[in-house]
Amino acid sequence: MKLILAAFFAAHGLIHLSYLSPAPRTAGGPEWPFEMARSWLVTGLGLDADVVRPLGTVLVVATVALLAGAALATVGWGIPTSAWAILATLGAVASAATLLVFFHPWIVLGFVIDAAILWFAVVAGWTPATGSAGT
C-alpha cells in the first residue's frame with residue numbers, strides 16, 4: 001500500500017511538469033489546461049506572461065520536489081518517514097498555489113487531491129511509519 005501511495009504522490013507532483021512543456025499541436029483538439037500564459041495574473045491583472053512564467057516555474061519545481069520527497073518519505077527511501085507530513089503539506093500547498101495561479105476548469109481534480117493530502121497530513125495525522133491516523 002505504501003508503494004501505491006508513494007507512486008500517487010510522485011505522479012501528482014510530476015503532472016505539474018506539464019506547465020513547463022509546450023502545448024501539444026493538435027488541430028481541433030481540446031484546449032491545453034497547463035498554460036502559464038493564460039493565468040488570471042496575465043489576463044486579469046494585465047501582467048506580461050514573461051513576468052508570470054518565473055513564478056510558475058518556481059511553484060512547479062517546488063511542487064515536484066516536495067511531493068517527490070513525500071513519496072520517498074512514504075516508503076522510507078533516503079528521507080525519514082518523520083519528514084512525511086511537512087513534505088506532503090508543503091507539496092500540497094505549492095500544488096494548490098500553482099493550480100490557483102494558472103487555473104483551468106479541467107484541473108479541479110488537482111485541488112481535490114491537494115485537499116485530501118492536507119487532510120491526511122494535518123487533520124487525520126496519518127503517518128507512513130504506522131500506516132494509520134493519530135500518533
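## Cores, rings and a surface patch

The largest nonpolar core here has 16 residues, and the ones with the most contacts inside it are Phe9, Ala70, Trp84, Leu87, Ala88 and Ile117. Keep in mind that this is a predicted model. In soluble globular proteins, nonpolar side chains tend to be buried together. Let's walk through the cores, then the aromatic rings, then the surface.

**The nonpolar cores**

- Another core lies apart from the largest one; it has 14 residues, among them Tyr19, Val42, Leu59 and Val101.

**Aromatic rings**

- A pair of aromatic rings is described by the distance of the centres and the angle of the planes.
- How many aromatic pairs are there in this model? The count comes to six.
- Take Phe9 and Trp84: their ring centres are 5.9 Å apart and their planes sit at 50°, so this pair is tilted.
- That pair links distant parts of the chain, with Phe9 in helix H1 (residues 2-15) and Trp84 in helix H4, 75 residues apart.
- Are these two residues buried or exposed? Phe9 is buried because its relative accessible area is 3%, under the 20% cut-off, and Trp84 is buried too, at 2%.
- Now look at Trp119 and Phe120, whose ring centres are 5.1 Å apart with planes at 85°, so the pair is edge-to-face.
- Trp119 is partly exposed, with 44% relative accessibility, and Phe120 is partly exposed as well, at 39%.
- Tyr19, Trp32, Phe34 and Phe102 form one aromatic cluster, and Tyr19 also belongs to the core of 14 residues.

**A nonpolar patch on the surface**

- Nonpolar side chains turn up on the outside as well: Trp40, Leu45, Leu47, Val51, Leu100, Phe103, Val108, Leu109 and Val112 form a nonpolar patch on the surface.
- Together, these patch residues have about 870 Å² of accessible area.
- Which helix gives the largest share of the patch? That would be H5 (residues 108-123), with three residues.
- Leu100, one of the patch residues, is found in helix H4 (residues 84-101).

Terms used: Residues are numbered from 1 along each chain as its sequence is written. This is a predicted model: local features need pLDDT of at least 70, side-chain atom pairs count only at pLDDT 80 or more; totals for chains, interfaces and linings use all residues. Side-chain values use heavy atoms; hydrogens and water are left out. Patches are made of residues with over 30% relative accessible area and no salt bridge: like charges are joined within 9 Å, nonpolar side chains (Val, Leu, Ile, Met, Phe, Trp, Tyr) within 5 Å. Accessible areas come from the Shrake-Rupley method with a 1.4 Å probe; for residues, only the protein chains shown count as cover. A salt bridge is a side-chain nitrogen of Lys or Arg within 4 Å of a carboxyl oxygen of Asp or Glu. Helices (H or I, at least four residues) and strands (E, at least two) are DSSP runs, numbered from the N terminus. Rings of Phe, Tyr and Trp (its six-membered ring) pair if their centres lie within 6.5 Å; planes under 30 degrees apart count as stacked, over 60 as edge-to-face and the rest as tilted. Buried means under 20% relative accessible area, exposed over 50%, partly exposed in between (1.4 Å probe, protein chains only). A nonpolar core is a set of buried Ala, Val, Leu, Ile, Met, Phe, Trp, Tyr and Cys residues joined through side-chain atoms within 4.5 Å.
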